[in-house]
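Keep the structure open beside the text.

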Amino acid sequence: MRDVPEIFGSLVFNDDVMSARLPREIYKSLHKTIEEGKALDITVANAVAAAMKDWAIEKGATHYTHWFQPLTGITAEKHDSFLTPQPDGRVIMEFSGKELIKGEPDASSFPSGGLRETFEARGYTAWDPTSYAFIKDDSLCIPTIFCSFGGEVLDKKTPLLRSMEAINAKAVRLLKLMGDDQVTRVNTTVGPEQEYFLVDKETYKKRRDLVITGRTLFGAKPPKGQELDDHYFGVIKPRVMAFMQELNVELWKLGVYAKTEHNEAAPAQHELAPVFATANIAADHNQLTMEIMKKVADKHGLACLLHEKPFAGVNGSGKHNNWSLSTNYGKNLFKPGKKPQDNKTFLVCLCAVLEAVDISQDLLRITSASAGNDHRLGAAEAPPAIISVFLGDELTEILDAIEKGEHGENKKAETVVTGVDVLPDFKKDTTDRNRTSPLAFTGNKFEFRMLGSSFSIADINTVINTAVADVFDRLADRLEAADNIEEELDKWMSQTVTAHKRIIFNGNNYTQDWVNEAHRRGLYELKTTADAVPHFVNEKNVELFTKHKIFTKSEIASRCEIMLDSYCKVLHIEALTMLEMAKKEIMPAVLSYTNEVAQSVKLKQDIGIIAEGDASLKLCTRLTDLYNKLYRRTDALEATIAGMDSANDSLEASSYCRDKLVPAMNKLRSVADELETIVAEKYWPYPNYSELLFNV
């Protein structure tokens, strides 16, 4: 393999390529557009398009596409060739600034939540010059936003970009009031850790549920799961390592900062973590990462599972969104320093996050809401559906002092003594980590751990950016009206800690004691998507988003509708798949095995060797009883599915799915999984968990 620095970004039209290929004035003008939001002149666009086209063709590209992120949660692309016919019958390869800046995909075939009627087809994609173009599958991919003919936002990228501008403007204003004369820009930086499962492709194909829904709808617990804790950070299997090595190369070519790879806690589960990037770049890169993971896995005879809970009884897969803020001159606003109690910028930003999270608990929960993630939250290694913030003892003690108007004491780092002469003693961190917390401060950033593995990170960062920007904005208003800014800041921090300390919890989030305590504190517990999503249209949330021009009121309503509709559709597909598997695979298998056992019983009866309490007779009776129960529960699920048609709207349908459909599915699964443990393996119609989890 070539040197990593040589291949890194080799398929990206990055700043280095632009500076080499664009005329100096064009390059400078483009940078003004990117850095200052200046309007893009068509002359500049034409020059950029020509250079981009020439570079892409040299790299083997024949087509270009506007690459965007609709409300499906995945990416979309329509490919056009550079080919332009000539009068003499020949062709030339052309690409104009107009084609670079704007495209027209059909907007009627994407989710709009009622913003568009089916016959209203026109939509627009518009170039996002802050994200580099790249080459994928012999096509030049141009990152864009996506909106309707009427300008309504139909993608995840536009709100994210708006939220980044909102928090930049509000943070710069606040920092200048606090005496920072260097700051001209504040960037949101994000590092999303990506968890996933790898299973054998041929084994995967034998599971109808995995192929159709991404998760196993049936499956008894295997004899060995993750009880021995022997997979986490364990030696990576050769087949998986080969996958990881090729994945890294393909991601590096696309400029994705893939850095860390390891086995995760569950068998067949793994994780990839990148270096931090600005939020919009990180969002683009994470979408690419998920796509490339699946492609590379397929080349290695593997299937990459990004569902939040592909297997019951073992860890689900999440996506840890590490979020921070940094200035144009490189200062991390969440770096406490050696004496956090003396770092007022840090303390103000910390208090702002606490207030934002407390006020927007429901919005943060909504960003992690889906039918798939409902199975994961609150189970093995995933935080519960109650939002709280872990700060650790040192910061909590400092905030307690601030609340009382006192100066917190610096907690000295203790030394870990190894007890071995050749090993160095070392300073330990002043606080531990908390893997059960939904939102944990981890040294110089906040780690949001509720996201599901298949999620776009755009939504969570849009929400946290906007919520924190709003706190910054209100604080800046207050400081501008104050006679003494330092005194006003101290007063505000004390009041903020008092008002919002209920959101801080440093203990074990998995315990029932915490659930009871959270209820006492008045925190939300929104267990399911059907519980959480309707809060999107709450008055305070509409006011937040419209105030900062992230969404209009109708766009908020449309997103609420889309999420509820998706929840119902996913569960409907899963229920139909269960029904099909039960009727066409499981029931015939159970009948065949029961018949074999019954023949054995009859043979014993015929020759008179069967005794009272005979094991084969007991087995036959148990199989018959469970088969009858399976039959009844299959009928019950079928009737429950039919009942979905009576719902009048998506809100009513989502409640029906939560209260009727999911319980009916769980009841059918429980009896099928019990049958799996007693039916002979040669009769069972699909691979079991042992084959799936330990066959790579």
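How many bridges join strand 10 to strand 15? Nine, and the two strands run antiparallel. Strands here are DSSP runs (E, at least two residues), numbered from the N terminus; two of them pair if DSSP finds at least two bridges between them. This is a predicted model: local features need pLDDT of at least 70, side-chain atom pairs count only at pLDDT 80 or more, and totals for chains, interfaces and linings use all residues. Residues are numbered from 1 along each chain as its sequence is written, and side-chain values use heavy atoms, without hydrogens or water.

Start on strand 10, residues 186–200, which holds E193. The bridge partner of E193 in strand 15 is H320. E193 is buried, at a relative accessible area of 17%. Buried means under 20% (1.4 Å probe, protein chains only). The side chain of E193 also makes a polar contact of 3.0 Å with that of N322. Such a contact is a pair of N or O atoms within 3.5 Å, one able to donate a hydrogen and the other to accept it; residues adjacent in sequence count only if both atoms are side-chain atoms.

Now strand 15, residues 319–327. Nine of its nine residues are buried, so the strand is largely enclosed by the rest of the structure. One side carries K319, N321, W323, L325 and T327; the other carries H320, N322, S324 and S326.

Strand 15 also runs antiparallel to strand 20, residues 446–448, through three bridges. There, W323 has F446 as its bridge partner.

Terms used: Helices (H or I, at least four residues) and strands (E, at least two) are DSSP runs, numbered from the N terminus. Buried means under 20% relative accessible area, exposed over 50%, partly exposed in between (1.4 Å probe, protein chains only).
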